[in-house]
Amino acid sequence: MRWQEVTAGLIAAAVVVGIPVAAIAYERAYAEKVIPVELQQWQITPEIHMKAGTHVHLLLTARDVTHGFQIGNLVNIPEIVPGHPQEITVSAVDPGTYEINCSNTCGIDHATMRGKIVVEP
């Protein structure tokens, strides 16, 4: 075997193995980002930004009373009890702005309790 064939074989092997390993490492590093989300009468903070085609972990914490966490038909956590945080993973496919609602009646201004997830291209 000539040295050119050996070199070409080594480069091909590095590409075949390296690209999937790098993609997995990148996705894992991004996915391990945990965003703390606080639910408190009558607000959901912070506004969440993420890239389309990715996912993030949200650590949901109720600060005062039992709240819910709902993103349209995609996610519905009916009870987040104070002192018992819950971690969920949110995946984003399409760019856009998605409204977060409290899905558990939490007081007089419950209907105004909103948040946002902004999915960027």
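Contact here means heavy atoms within 4.5 Å. The model is predicted: local features need pLDDT of at least 70, side-chain atom pairs count only at pLDDT 80 or more, and totals for chains, interfaces and linings use all residues. Residues are numbered from 1 along each chain as its sequence is written, and side-chain values use heavy atoms, with hydrogens and water left out.

**View 1. Ile 88 and its contacts.** Ile 88 touches Val 56, His 57, Leu 58, Leu 60, Phe 69, Val 75 and Ile 77. Residues up to four places away in sequence are not counted in that list.

**View 2. The whole chain.** The chain has 1 helix and 9 strands. Helices (H or I, at least four residues) and strands (E, at least two) are DSSP runs, numbered from the N terminus. Along the sequence the pattern reads α-β-β-β-β-β-β-β-β-β. Of the 121 residues in the chain, 30% are buried. Buried means under 20% relative accessible area, exposed over 50%, and partly exposed in between (1.4 Å probe, protein chains only). Take the contacts between residues at least 6 apart in sequence: 59% of them join residues at least 24 apart.

**View 3. The largest nonpolar core.** This core has 24 residues. A nonpolar core is a set of buried Ala, Val, Leu, Ile, Met, Phe, Trp, Tyr and Cys residues joined through side-chain atoms within 4.5 Å. The residues with the most contacts inside the core are Val 37, Leu 39, Leu 58, Leu 60, Phe 69, Ile 88 and Ile 117. Two or more residues come from each of strands S1 (34-40), S3 (48-51), S4 (55-62), S5 (67-71), S6 (75-80), S7 (86-91) and S9 (114-120). S4 gives the largest share, 4 residues.

**View 4. The five-stranded sheet.** In this open sheet, 5 strands follow the order S3-S9-S8-S5-S6, with mixed pairing. Two strands pair if DSSP finds at least two bridges between them. S3 and S6 stand at the edges with a single partner strand each, so one side of each has no neighbour in the sheet. Neighbouring strands are turned by 20 degrees against each other on average, direction ignored. For such angles, axes are lines fitted to C-alpha atoms, for helices over the stretch in contact, and angles run from 0 to 180 degrees between N-to-C directions.

**View 5. S8 between S5 and S9.** Strand S8 covers residues 96-101 and runs antiparallel to S5, with 2 bridges joining them. Gln 70 stands opposite Asn 101 in S8. S8 also pairs with S9 in the antiparallel sense, over 6 bridges. Tyr 98 has Ile 117 in S9 as its bridge partner. Ile 100 stands opposite Gly 115 in S9.

**View 6. Ile 71 in its setting.** Ile 71 lies in strand S5. Its relative accessibility is 5%, so Ile 71 counts as buried. Ile 71 touches Val 90, Tyr 98, Glu 99, Ile 100 and Ile 117, leaving aside residues up to four places away in sequence. Ile 71 and Cys 102 are 31 residues apart along the chain, yet their C-alpha atoms are separated by 9.1 Å.

View 7. A disulfide is a covalent bond between the sulfur atoms of two cysteines. Cys 102 is buried, at 6% relative accessible area. Cys 106 is buried too, with a relative accessible area of 6%.

**View 8. The four-stranded sheet.** Here 4 strands form an open sheet in the order S2-S1-S4-S7, and the pairing is mixed. S2 (43-45) and S7 are the edge strands, each pairing on one side only. From one strand to the next, the twist averages 25 degrees. S4 and S7 run antiparallel and are joined by 6 bridges. Leu 59 stands opposite Glu 87 in S7.
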